[in-house]
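Q: Could you take me through this model, starting with the overall fold?

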Amino acid sequence: MPQKDSEILSGLQRSDTGYFDLLFENYYDKLCNYVTSIIHNADIAEDLVQDLFATIWVNRKHLYIHSSFKAYLFRAAYNAAIDHSKHLNIISEYQFNISRQTTPSFNDTMEFMELLESLETNIEQLPEKCKEIFKLSRFENLKYREIANKLSISENTVDTQIRRALKKLKEALKDYLIILFFI
């Protein structure tokens, strides 16, 4: 690792904000340009790079990079851009599939709205940590590893909490499964 990068990493691990500023000055514009070249949207690229820097700061004490810090940053930025693109593709595919379906009846719509309300209520009744992990997984589309890093817990804990949430929700919503099947 180049001397300057190793100093920055070492400074970050010591929570020295001056080194975070140096990291930002050295890489922010380069990473934004790189991500923009992948996703073709400068505003979203900035958001993704800012999230990357926030993640680095939050996880600074656990960063152990043995090769190139620069390569690590660019790989992380690339992964964020690809994840964003995949997310957009999933949304587009979902919207396309929804648009192809027939219009549901009023009763179907009401039953579906009731199901959604019940789902929201039951999610809110989950234990706090379980609810937080479930929402990060299902609503923010974070991978188990990302959730584990964000919350400083193990991936096994994330998996266990997701399983518990799904089991509780399945049990609570079992009466709606038949309705959902017909909708």
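This is a predicted model: local features need pLDDT of at least 70, side-chain atom pairs count only at pLDDT 80 or more; totals for chains, interfaces and linings use all residues.

Q: How many helices and strands does the protein have?
A: The protein has 9 helices and 0 strands, taken as DSSP runs (helices H or I, at least four residues; strands E, at least two) numbered from the N terminus.

Q: What share of the residues counts as buried?
A: Of the 183 residues, 28% are buried, meaning under 20% relative accessible area with a 1.4 Å probe and protein chains only.

Q: Which residues of helix 7 are buried?
A: In helix 7 (residues 144-151), they are Ile-147, Ala-148 and Leu-151. Down the helix axis they fall within an arc of 100 degrees (from directions to the C-beta atoms), so they line one face of the helix.

Q: And what covers them?
A: The cover includes helix 6 (128-138) and helix 8 (155-172).

Q: What follows helix 7?
A: Ser-152 does, with a positive phi near 55 degrees.

Q: Changing topic, which residues lie nearest the centre of the largest pocket?
A: Thr-55, Ala-80, Asp-83, Leu-142 and Glu-146 do, out of 31 lining residues.

Q: Which element gives the most to that lining?
A: Helix 4 does, with 11 residues.

How values were computed: Residues are numbered from 1 along each chain as its sequence is written. Side-chain values use heavy atoms; hydrogens and water are left out. Buried means under 20% relative accessible area, exposed over 50%, partly exposed in between (1.4 Å probe, protein chains only). Contact means heavy atoms within 4.5 Å. On a 1 Å grid over the protein atoms alone, a cavity is a set of points where a 1.4 Å probe fits but cannot get out, and a pocket is an open set with protein on both sides within 12 Å along at least five of seven lines; lining residues have an atom within 4 Å of a point.
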